[in-house]
Amino acid sequence: MITDVSIRNFKCFKSLTVPKLGRITLIGGRNNIGKTALLEALFLFFDRTRADMILRQYSWRGIEGVTSELKAMLAPVFRNYDMNLEIVISATIKGKIEEAKYRYNPNFLPPASPNTGRSETVISAASPDERQIPTDQKPSSISALDIEYCEKGGSSQISYLFIDDQGRLALHVDKLFIKKGYSACFLAAKKHVSSVETANEFSKLAKEGRENEIVEFLRIIEPRLEALKIITEGPSSSVHGQLKGSPRAHDIHLIGEGMEKLLNLISRIVSSRYVCIFLDEIENGIHYAALPKIWEAVGKALHKYDCQLITTTHSYECIQAAHEGLSEMPEDLMYMRLQRKGDEIYAKLSNYEMMGTAIRTNLEIR
């Protein structure tokens with residue numbers, strides 16, 4: 001689990017320190033205060049070995065295309081678009097302090113030697129453009145995003161994100177190493193998870209005969225659900241739900257936004273493959289009356305499969321429901337309200353008891 005975090009110079013954050021995160025951390029605050037940006041910063045820490053790390057974040061925001069010039073592509077990630085700043089994201093994960101630094105490098109020399117066992121170049125599947133560079137052109141310096149990762153008292157890693165001579169995003173990683181069981185996922189508010197990705201996640205569990213765990217959870221918001229199945233139509237597959245009294249199964253995306261969201265959430269919890277799940281606007285598509293039972297079920301699942309949920313909300317009803325639904329596991333819940341003072345954003349933390357006091361006295365805590 002992530003127990004604390006510090007962020008500097010990422011998007012709207014000049015310097016943000018969160019001294020305590022729970023197994024479930026609910027993030028609130030006014031519009032444009034940085035709730036989604038906080039999730040993005042934390043996920044970027046986990047996503048640092050993917051060439052499309054920046055493109056994915058644009059996509060989740062609903063942006064369909066970005067410039068192919070690296071400096072302009074990266075600028076919105078830096079505070080006030082200042083490329084001279086250094087982004088620093090540090091966190092304590094499973095008791096170890098880890099840190100990643102992101103710096104814009106205008107004079108990067110792309111690697112020319114073949115890959116070895118200690119380095120690797122990863123090419124993004126999404127290319128900024130298809131420009132061509134003459135093969136007889138001499139190597140020259142280009143711009144890059146330098147990423148320096150270190151673990152206190154342990155391993156270190158240097159990566160370089162750049163656009164290669166084929167116009168593709170590439171990530172050259174020195175001293176490559178992989179930490180087993182060390183991954184996270186991001187479920188966006190503005191972009192649906194594709195049917196194929198949802199089907200792939202569910203099928204992994206179905207192969208182990210664990211689909212009933214998912215069905216029981218989804219019945220919280222749709223009691224008519226009898227079963228889930230993978231159906232292939234044409235070149236792609238999708239998850240379909242069989243509803244009681246219906247002559248045929250329905251694509252889960254057509255049953256309702258809440259069903260789709262909860263399917264993607266619970267399948268990732270049950271898979272036990274993620275240290276942390278980042279979910280933007282958990283309440284979207286879910287009726288407030290079902291939220292207490294959902295929070296109770298999510299809390300028990302997170303305990304059972306030993307993972308963590310960090311999620312945002314705009315809803316007072318969602319905050320109340322979390323307090324009600326997690327009454328049997330109060331030590332797991334933390335509420336973080338982001339607030340602004342001058343040009344800085346800070347986090348005001350409340351534990352379960354403090355949340356209860358605020359709710360009972362009708363304090364505004366969103």
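The protein chain holds 10 helices and 17 strands, where helices (H or I, at least four residues) and strands (E, at least two) are DSSP runs numbered from the N terminus. This is a predicted model, in which local features need pLDDT of at least 70 and side-chain atom pairs count only at pLDDT 80 or more, while totals for chains, interfaces and linings use all residues. Residues are numbered from 1 along each chain as its sequence is written, and side-chain values use heavy atoms, with hydrogens and water left out.

Of the 366 residues of the chain, 51% count as buried; buried means under 20% relative accessible area, calculated with a 1.4 Å probe on protein chains only. Among the contacts in the chain with a separation of 6 or more, 68% are accounted for by residues 24 or more positions apart, a contact being heavy atoms within 4.5 Å.

The largest nonpolar core has 58 residues. Such a core is a set of buried Ala, Val, Leu, Ile, Met, Phe, Trp, Tyr and Cys residues joined through side-chain atoms within 4.5 Å. Helix α1 contributes the largest share of this core, 9 residues. The residues with the most contacts inside the core are I2, L38, I54, L74, F278, I310 and L338. With its neighbours within four places in sequence left aside, I310 is in contact with I2, L21, T25, I27, L39, L42, C276, I277, F278 and L279. Another core, of 53 residues, lies apart from the largest one and includes L187, L205, V270 and I282.

The aromatic residues come next. The structure holds 9 aromatic pairs, counted when ring centres of Phe, Tyr and Trp (its six-membered ring) lie within 6.5 Å; planes under 30 degrees apart count as stacked, over 60 as edge-to-face and the rest as tilted. F43 and F186 form an edge-to-face pair, at 5.8 Å centre to centre with 65° between the planes. This pair links distant parts of the chain, since F43 belongs to helix α1 (residues 35-46) and F186 to strand β10 (residues 184-187), 143 residues apart. F43 is buried, with a relative accessible area of 3%, and F186 is buried as well, at 9%. The rings of W60 and F186 have their centres 4.4 Å apart and their planes at 5°, and the pair is therefore stacked. Here too distant parts of the chain are linked, with W60 in helix α2 (residues 53-60) and F186 in strand β10, 126 residues apart. W60 is buried, with a relative accessible area of 14%. F43, F45, F46, W60, Y149, F186 and F278 form one aromatic cluster.

Helix α9 (residues 316-325) is largely enclosed by the rest of the structure, because 7 of its 10 residues are buried. These are Y316, C318, I319, A321, A322, H323 and G325. The buried residues of α9 pack against β3 (24-29), α8 (291-305), β16 (333-341) and α10 (352-360).

How values were computed:
Buried means under 20% relative accessible area, exposed over 50%, partly exposed in between (1.4 Å probe, protein chains only).
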